[in-house]
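Hello,

Please find the structure below. My notes on it follow.

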Amino acid sequence: MSRKKRAKQLLALDGKQTMIQQTVQRLLPLAPAKKFWIITNEDLRPAITKQLPKLPKNQVLAEPVGRNTAPAIGLAAFLLLRHDPHAVIGMFPSDHVIADELQYRETLERGIDLAAAGANIVVLGIRPNRAETGYGYIEAGRSFQGEALRVRRFIEKPDANRAAEFVAAGNYFWNSGMFLWSARTLADALREHLPKTAAVLEEIASAGTQKFAATFRRLYPKCENISVDYAVLEPRSAKGEQAGNIFCLPADFGWNDLGSWTALHEHHMAKSNPPEGNLVAGSGMFLLNARGNYVHAPGKFVAAVGVSDLVVVETEDALLITTRKHAQDVGKIVKYLDENKLHNLT
C-alpha cells in the first residue's frame with residue numbers, strides 16, 4: 001500500500017476538516033500559527049499549504065527524500081536554536097484523534113513547563129485499555145513533581161503475551177509519539193547520539209533564507225534514515241532512570257493513532273454503528289455472513305460473503321489484503337518495496 005496514497009486518505013479523512021487541520025486547530029490556543037512547522041513530502045505540500053493558509057508557507061517543508069522522524073524534528077530544533085534556544089518544541093503526528101481537547105491542552109501545558117525546566121524530554125503516555133501489539137510501550141518508574149513519572153525504558157511493539165503482562169503491571173503506557181523538549185535539549189541530544197546527521201542538519205539550518213531551499217535539497221539526503229525513538233530516546237533512557245531526564249506524563253484525553261488500518265476501523269466504529277461492524281467505502285455493497293471487515297474500494301461494488309476481520313484497500317496501482325490482526329505488518333510491505341527498488345509503489 002503506497003504511503004503517499006495512504007497519507008492522502010488520512011489527510012482527507014474527516015470531511016469538513018482534514019486531520020492536519022484538526023491537529024493545528026487543537027494546538028492554536030497554545031501557540032500562534034506563525035510558530036508552527038510542518039514536515040511533509042512533495043506530494044502533500046501543495047494540499048497542506050492550501051488547507052492551512054495562515055501558516056507561513058516557508059514553514060511547510062517538503063523533504064526531498066524521506067528520512068524518518070529524527071532528521072525531521074531535528075531540523076526544526078536546529079532552525080529554532082538560532083533564534084530561541086529555550087523555545088519548547090512539541091512533536092505532533094497528524095494522524096491522531098483526540099476526544100477531549102481541553103484536557104489534551106492542559107496536559108501539554110504541564111509538559112511544556114517540565115520541558116522548559118531543564119534538559120528534560122517529556123513524552124505523553126497513554127494509559128492502555130487493552131493488550132495492544134501495534135504500539136510501542138513506555139515503562140515508567142518513580143514519580144517526579146506530581147503526576148510526571150521518570151521513564152525507565154522504551155519498548156518496541158511486543159507480542160500479545162508481553163503486551164498482556166505490561167497492561168497487568170500497571171506502570172506501562174502506550175508511546176503516543178508526542179514529545180516535548182527545548183530546542184537546545186534536542187539539538188544537544190542529536191549531537192551526542194546522532195552526530196553525523198546533527199552536523200548535516202546544523203549546516204542546513206545555517207544556510208540562510210536565500211540558500212536554504214537548495215542546501216536543504218542537497219544535504220538532507222545525507223541524513224540517516226532513523227526515528228527519533230531509536231536515535232535519541234532509547235540511548236538516552238539507557239543512561240538510567242535518574243540520569244536520562246526523560247519523563248512520562250500519563251494521559252487520558254481519548255487518544256487514537258490512525259497510523260494503521262485497524263486503528264482507522266476502530267475510529268470509525270466509535271463514530272457509527274455499521275451492520276455487523278463492516279466498514280465499506282464503495283459504490284455499493286452486498287454483505288452476507290460478513291463481520292468486522294474494513295474495505296476501501298472507491299467506485300467499486302463490494303461483495304463480501306462469509307469473511308470476517310479482513311482489511312482490503314484498493315488504490316490505482318496496488319491492492320492490500322490482510323486481517324485486522326495483522327494490519328500492523330503493512331510496514332514490512334513498504335520495507336520490501338524499498339529493498340526491491342519498487343519506488344513507484346512507495
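Is Arg 191 buried, partly exposed or exposed? With 33% relative accessibility, Arg 191 is partly exposed, a class that lies between buried (under 20% relative accessible area) and exposed (over 50%), using a 1.4 Å probe and protein chains only.

This is a predicted model, in which local features need pLDDT of at least 70, side-chain atom pairs count only at pLDDT 80 or more, and totals for chains, interfaces and linings use all residues. Residues are numbered from 1 along each chain as its sequence is written, and side-chain values use heavy atoms, without hydrogens and water.

Arg 191 forms a salt bridge with Glu 202, with 2.8 Å between the closest N and O atoms. A salt bridge here is a side-chain nitrogen of Lys or Arg within 4 Å of a carboxyl oxygen of Asp or Glu. This pair joins helix α7 (residues 183-193) to helix α8, and its members are eleven residues apart. Helices are DSSP runs of H or I with at least four residues, strands are runs of E with at least two, and both are numbered from the N terminus. Glu 202 is partly exposed too, at 34%.

By this rule there are 14 salt bridges. Another one joins Glu 241 and Arg 152 at 3.1 Å, N to O. Glu 241 sits in the loop between α10 (228-237) and β9 (246-251), and Arg 152 in strand β7 (residues 148-155), 89 residues away. Glu 241 is buried, at 16%, whereas Arg 152 is partly exposed, at 38%. Both belong to a salt-bridge network that also includes Glu 139, Arg 142 and Arg 153.

Regards
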